[in-house]
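I opened this entry to record what I looked up, in the order I looked. Short notes follow.

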Amino acid sequence: MSPLDETTTSAPLPEVALRCEGITKSFQGVSAVTGATFDVPKSQITALIGPNGAGKTTLVNILSGSMKCDGGTEFIGDVEVTNKESYEIARLGLMRTFQLSRELGGLTVLENLLVAPKHQAGESLLNIFFRPGKMKSVERANVQRALEILRTYGLYKLRDNRARELSGGQKKLLEISRAVMASPTIMLLDEPMAGVNPALIDRIGGYILDLKSQGVTLLMVEHNLNVVEKICDHVIVLAEGRTLATGRLEELRANEEVVKAYLGEVIDVNTAR
Amino acid sequence: MSAFWYYVFTLVFFLFDYFILAMGLNIQYGETGILNFAYIGFVAIGAYVTGAVSLPNSVGTGQHYILGWGLPFPVNLLIGGLTASAFAVIVALISLRRLRTDYLAMVLISLSLVLYDICNNFVPLFNGADGLYNVPEPMAKALHLNTNSFIWFFALVAGGISLIMWFVMSRITRSPLGRTLRAIRDDEVVAAALGKNVFRYQLTSMLIGSFYAGIGGGLLIQFGGSFNPTAWLPGETFVVFAVIIVGGVGNNWGLLIGALVVEVLLVHLPTFLPAIPGHAGLIEYIDAMLIGVLLMVMLWFRPQGLVPERLRRSPAEETTSRSTLDDFDLTEFESKIAAQSRVDSDEAGGRHEPA
């Protein structure tokens, strides 16, 4: 039976920004992803939830090109990007953050952002020596934009600190702002709220809503169901490496398989409130 | 020229030459994170090719070597540098595409050993274990320089070349290209996730660094007039690593200090000291031990080197009315979350209460 057959259906989805069909991945015979199939609707926030070991991070790694899949296909819009290199996928507008923050520790906070823009004139040897004017003007514009983003994300004061000196929450913000600097159309956020304090969770939630309002498509691995309920339009449940169900969280709460595989007692969150 | 000044200018030459070599290794290791344990192989290629294109045709010279074009300085030097860069392409294609960190280092040191054995044993290439000798002293005839005056002249030439190469390297390391290389050094997975073609940048770094290695090697053979396999034992790579670790990884000025401390004070200065009676060669062994101890001390107590990598600060600008992590207003975002929840609730037919 195809995973799609088991999918809980809801209202017709809008335009699809990211699609994966039958993605599989195993590590030395141990299956991590066993046929994940889902669509990520454009300009919406989609949550990818599931128990530990469901293959969520592996899937994010595959979708972003950091890892090759064994089977299946991936599309960004209409472009097939299955097993493309990470940088090629990024150049199509898909940016990601990591479950454990991966800041560029030796670079300053500002430099972390300045790495992100695509096709910088100053990254070519020819431009460095023969078109310094162009390089400088592009760099000036990038610096201004990076400083604006740092202001928005509350990291401006820390712009000249080495990224490795930031706290865990600040590193989460840095990762998101760095991805934003690359002008993404799709963002994969791997547990953006993990290990951050409740106030910062609200802030990050606000930033994610801001990005949605700017037309960015977001796919977010998240365990915090309160956050999922508050900000996500659509939920994909992954269990044992396959898509168990998709739909709105309220609908999924009525799905016995989902409850059994993941939600468990958490389904009572409404009554708990 | 007195013996004293002969020694001084010899040391000055090695200071500048190792400054160039250290800049080349630094862009590969210090800026890009490529653990190039084959670096001395690129120096050797630069030296051999510079020597072989400077020497006349090998027939009748008593040596066996390829090329023999009799080219003048600095054309010969440039060819040596470019050949080392071309070799870097081959090495990069073999090693950089699939290998990382320690595996890459092992493959590179193996390549260095293979190259060493080829040069040492295949006599028609660069005269085997005897190496190349009688390499013409650049511009000595035109400027009527004798052996002594050539020493100070060429030490100053090396100084001028190192200054130009420092300027070029500074332009590169301060540019967005340098920043991208440092991003790859810090985390190549992140760099790739940001759209950077890591292999292309690593290849660029290898090309630049190997060019510097080739130029440094070319200067060595022209200064001494000879070059053979004893001059580039694979362990020599670690002397250049010691220069950049002691001076400061990722800092061009630190490399000059590192070259002074390691190459001049520890490697070459003691060779001018009188031998310890009854213990010929002991000084060299003490030298090697001192370098090892210095490396351990630096890595333990000051891993950033004597002159640490510079923090690249943002351009100065006004600092009024900016939100910071401390003064951030949560209200706006909380209201957005509440608004979103209301929208969700409406779309879902009011199946749940807004948060």
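**Notes on a predicted model**

I started with I172(B), which counts as buried because 20 C-beta neighbours lie inside 10 Å. My cut-offs: buried takes 20 or more other C-beta atoms within 10 Å of a residue's own, exposed takes 12 or fewer, partly exposed is in between, and C-beta atoms are placed from the backbone.

Before going on, I noted the ground rules. This is a predicted model, where local features need pLDDT of at least 70 and side-chain atom pairs count only at pLDDT 80 or more, while totals for chains, interfaces and linings use all residues. Residues are numbered from 1 along each chain as its sequence is written, and chains are lettered from A and ligands numbered from 1 in the order in which they are written.

**Around I172(B)**

I found I172(B) in helix α6 of chain B. Helices (H or I, at least four residues) and strands (E, at least two) are DSSP runs, numbered from the N terminus. Which residues does I172(B) touch, leaving out those up to four places away in sequence? I listed I128(A), L177(B), G178(B) and I208(B). Contact here means C-beta atoms, placed from the backbone, within 7 Å. I also checked Y65(B): its C-alpha atom is 36 Å from that of I172(B), and the two are 107 residues apart along the chain.

**Helix α6 of chain B**

I checked the length next. Helix α6(B) covers residues 147–174, and its 28 residues should span 40 Å at 1.5 Å a residue; the end C-alpha atoms are 40 Å apart, which agrees. The expected span is 1.5 Å times one less than the number of residues. Buried residues of α6(B) include F150(B), F154(B), I161(B), M165(B) and I172(B). Their cover includes α4 (125–130) of chain A, plus α1 (3–31), α7 (176–186), α9 (198–224) and α11 (252–268) of chain B.

**Where the chains meet**

I counted 42 residues of chain B in contact with 49 residues of chain A. On the chain B side, α6, α7, α8 (188–193) and α13 (331–347) each supply at least two residues. The predictor gives the complex an ipTM of 0.88 and a pTM of 0.87.

**A sheet in chain A**

I traced four strands of chain A in an open, antiparallel sheet, in the order β2-β1-β4-β5. β2 (30–41) and β5 (79–80) stand at the edges with a single partner strand each, so one side of each has no neighbour in the sheet. Strands pair if DSSP finds at least two bridges between them. β1(A), residues 16–27, pairs with β2(A) over nine bridges. S26(A) stands opposite S31(A) in β2(A).

Most residues other than glycine have a negative phi, and most peptide bonds are trans. I found a cis peptide bond between F73(B) and P74(B), with omega about 5°. P74(B) sits in the loop between α2 (39–54) and α3 (75–95) of chain B. E240(A) is not a glycine, yet its phi is positive, about 50°. E240(A) is partly exposed, with 16 C-beta neighbours inside 10 Å.

**Confidence**

Chain B averages 86, and 88% of the residues score at least 70. Over residues 318–331 of chain B, pLDDT stays under 50. Residues 347–355 of chain B also stay under 50.

How values were computed:
Contact = placed C-beta atoms within 7 Å. pLDDT = per-residue confidence, 0-100.
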